[in-house]
Amino acid sequence: VRVLGALALVDGGETDWKLLVVDVDAADAPAWRELGDVPAERVNEVREWFRLYKTSDGKPPNEYGLNGEPIDAAAALAVA
């Protein structure tokens, strides 16, 4: 996989970094070298999935640090 960035999900008052990666063998992946190469709607879909994935267990939606904005690959690798 190639790390493209990360989202700062806040879980239990702590930052739970969610890495945004791409499978380098995927058909549309070779052109994705950095976060800006990923279609915005794809990043939004991932962000929304992580925001809501615990609601099926009756928990409230997750919140994000950094106003929900992703960080780039270099910053993601520094916090991972």
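Mentor: In this predicted model, strand 1 pairs with strand 2 (residues 14-22) in the antiparallel sense, and 9 bridges join the two. Within this pair, L9 stands opposite D16 of strand 2. The two strands form a hairpin with 2 residues between them, and there G12 takes a positive phi near 60°.

Strand 2 is one of the partners of strand 1. Strand 4 (residues 71-72) also runs antiparallel to strand 1 and is joined to it by 2 bridges. In that pairing, A6 has I71 as its bridge partner. Strand 3 pairs with strand 1 as well, again in the antiparallel sense and over 2 bridges. Here V10 is the residue that stands opposite E63.

How many of the 10 residues of strand 1 are buried? The count is 7, for residues 2-11, and strand 1 is therefore largely enclosed by the rest of the structure. As background, side chains in a regular strand alternate between the two faces of the sheet.

N62 lies in the loop between helix 1 (40-52) and strand 3 (63-64). Its relative accessible area is 10%, and because buried means under 20%, N62 counts as buried. Leaving aside neighbours within four places in sequence, the contacts of N62 include L9 and V10, the residues that stand opposite D16 and E63 respectively. N62 is also in contact with F50, R51, Y53 and K54. With F50 there is a polar approach: a polar atom of the N62 side chain lies 2.8 Å from the backbone oxygen of F50.

V21 has a relative accessible area of 41%, so it is partly exposed. Together with V1 and L19, V21 makes a nonpolar surface patch of about 280 Å².

Beyond strand 2, A27 is found in the loop between strand 2 and helix 1. A27 is exposed, since its relative accessibility is 83%. From A27 to L66 there are 39 residues in sequence, and the C-alpha to C-alpha separation in space is 31 Å.

Note on methods. Residues are numbered from 1 along each chain as its sequence is written. This is a predicted model: local features need pLDDT of at least 70, side-chain atom pairs count only at pLDDT 80 or more; totals for chains, interfaces and linings use all residues. Side-chain values use heavy atoms; hydrogens and water are left out. Helices (H or I, at least four residues) and strands (E, at least two) are DSSP runs, numbered from the N terminus. Buried means under 20% relative accessible area, exposed over 50%, partly exposed in between (1.4 Å probe, protein chains only). A polar contact is a pair of N or O atoms within 3.5 Å; within protein, one must be able to donate a hydrogen and the other to accept it, and residues adjacent in sequence count only if both atoms are side-chain atoms. Contact means heavy atoms within 4.5 Å. Two strands pair if DSSP finds at least two bridges between them. Patches are made of residues with over 30% relative accessible area and no salt bridge: like charges are joined within 9 Å, nonpolar side chains (Val, Leu, Ile, Met, Phe, Trp, Tyr) within 5 Å. Accessible areas come from the Shrake-Rupley method with a 1.4 Å probe; for residues, only the protein chains shown count as cover. A salt bridge is a side-chain nitrogen of Lys or Arg within 4 Å of a carboxyl oxygen of Asp or Glu.
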